[in-house]
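User: Please go through this model with me, one feature at a time. I would like each answer to close on the value or name that I ask for.

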Amino acid sequence: MSSEKVLRVGIVGLEFGAEFIPIYQRHRNAEMYAICQRTESKLNEIGNRYGVDVRYTDYARMLADPNIDVIHINTPLQLHADQVVAALEAGKHVGCTIPMATSVHDCRRIVEAQRRTGLTYMMMETTVYSREFFFLEQNYLDGNLGKLQFFRSSHHQDMTGWPSYWDGMPPMYNATHAISPTLALAGHQAEYVQCLGSGSVFDRMKDAYGSPYAIESTHIKFLDSDVVAEVTRHLWAVAREYRESFDVYGSIRSFEWAQTEDAAHVLYLGETPERIEVPDFAQRLPEEIRSFTTAGVYTADGESEHRSFVQGGGHGGSHPHLAHRLLMSVLGQAEPYPNAVQAANITCAGILSHESALRGGERVHLPDWTLSDAKPHIVELAQEVEPPWAAA
């Protein structure tokens, strides 16, 4: 059942954040009400471009505005925890870009603030709203993959040219693009992690976070499951085209992400490969925002093209799905995903993987407060057929 209620949205952070302005402007349940950016020239440039009249250079003043229902945070990752907690305590529902936070302590602060206020929190994780994820989720729920046997995911990225606070950051501190799809496909939770670091970063970076590794590769053991995921992440000094990828290995069908941007994904039936084109899922959205799954607000003209598009290819058409899900969650017509506890499980799986790497691959368990009673959707291995795909 659709709602006619309109939520007033405020966006803070206007580089990547500007991508969402026209989506909210066209959504039937949103009023793109206010924007916030510390640099006044940038604030006015974006405000004038999109016709947003309510503007703030001070986040606290924005939170004091009683007209705002929802705050959408797109600021640097080290600000997320304080800004999310402040917004919840100011009575605002919150959607925040990834990662949830950069420490286990700060993830817990957000979980506790959400529980205390009862307001909506959603980590705006693009990967689990991409067309590839929707395609695999649909195939898994339809039984086409069979039993899930293993996940492999990666996020290859060169952060040269990004703001200096990224220099030397442990790769797993910002690994939610790779971790989230492995857990989300069937609704699993991370129980513990074991991670190794490999290679080295530039000497000038090593002291910033005390992280020496060029690459961190972790195994995630799923709670109450015989399935694990292998996740690899790097930020510096590794030669590789940008890729956010996840591979899914099932007993009947398996999916492997394209090796390069101009190649095709591969779906296997048993040992037989088929190169496929993943369909779009814009039909799941209100008609007025469907076009945003295939086109953003940025152009290819220099500074107006955000790095998420230069490197990330538009995040698989996820942006309108994210905005729509956040609004529907606030209106009580959907559950936020990832919610606070789920976001903490995903984010802390990365943070604790770095801790594991520093301890030489020691097993590190996720805290109990990152776990819920939710049960995954399990497809059992068909025992009557060998090989399992013979009957497919």
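User: What relative accessible area does Arg109 have?

Analyst: Arg109 counts as partly exposed, the class lying between buried (under 20% relative accessible area) and exposed (over 50%), with a 1.4 Å probe and protein chains only. The model is predicted, so that local features need pLDDT of at least 70 and side-chain atom pairs pLDDT 80 or more, whereas totals for chains, interfaces and linings use all residues. Residues are numbered from 1 along each chain as its sequence is written, and side-chain values use heavy atoms, leaving out hydrogens and water. For Arg109 the value is 25%.

User: How many residues apart are Asp82 and Arg109, whose pair links distant parts of the chain?

Analyst: Their side chains meet in a salt bridge, with 2.9 Å from N to O; the term stands for a side-chain nitrogen of Lys or Arg within 4 Å of a carboxyl oxygen of Asp or Glu. Asp82 belongs to helix H4 (residues 80-89) and Arg109 to helix H5 (residues 104-117), where helices (H or I, at least four residues) and strands (E, at least two) are DSSP runs numbered from the N terminus. The separation of Asp82 and Arg109 is 27 residues.

User: Asp226 and Lys147 also meet in a salt bridge; which residue counts as buried?

Analyst: The salt bridge between these side chains has an N to O distance of 3.1 Å. It links distant parts of the chain, 79 residues apart, with Asp226 in the loop between strand E9 (215-222) and strand E10 (228-234), and Lys147 in the loop between helix H6 (131-141) and strand E7 (148-156). Asp226 is exposed, at a relative accessible area of 60%, whereas the residue that counts as buried, at 11%, is Lys147.

User: Which residues do salt bridges with shared partners join into one network?

Analyst: Side chains of opposite charge can pair when their charged atoms come close. Here the salt bridges that share partners form one network of Asp82, Asp106 and Arg109.

User: How many residues apart in sequence are the parts that Glu288 and Arg28 tie together?

Analyst: Glu288 and Arg28 form a salt bridge whose closest N and O atoms are 2.9 Å apart. Glu288 lies in the loop between strand E14 (272-276) and helix H9 (307-312), and Arg28 in the loop between helix H1 (21-26) and strand E2 (30-36). Glu288 is partly exposed at 25% relative accessibility, and Arg28 is partly exposed at 47%. Because of where the two residues lie, the pair ties together parts whose separation in sequence is 260 residues.

User: The peptide bond from Ile98 to Pro99 is cis; what is its omega?

Analyst: Pro99 is placed in the loop between strand E5 (93-97) and H5. A cis peptide bond also joins Glu386 and Pro387, with omega about -5°, and Pro387 is found in the segment after strand E15 (364-365). For the bond from Ile98 to Pro99, omega is near -10°.

User: What is the phi of Ala237, which is not a glycine?

Analyst: Ala237 sits in the loop between E10 and strand E11 (243-250) and is partly exposed, with a relative accessible area of 46%. Asp224, in the loop between E9 and E10, also has a positive phi, of about 50°, although it is not a glycine. For Ala237 the phi is positive, at about 55°.

User: Which residue of E2 is the bridge partner of Val9?

Analyst: Strand E1 (residues 7-12) has 5 of its 6 residues buried, so E1 is largely enclosed by the rest of the structure. E1 and E2 pair in the parallel sense over 6 bridges, pairing here requiring that DSSP finds at least two bridges between the strands. In E2, the bridge partner of Val9 is Met32.

User: At roughly what angle do the axes of H5 and helix H11 cross?

Analyst: H5 and H11 (residues 340-358) are roughly antiparallel, since angles under 35 degrees count as roughly parallel, over 145 as roughly antiparallel, 65 to 115 as roughly perpendicular and the rest as oblique. Their contact (heavy atoms within 4.5 Å) involves residues including Val104 and Cys107 of H5 and Ala340 and Val341 of H11. The axes are lines fitted to C-alpha atoms over the stretch in contact, with angles running from 0 to 180 degrees between N-to-C directions. These axes come within 10 Å and cross at roughly 175°.
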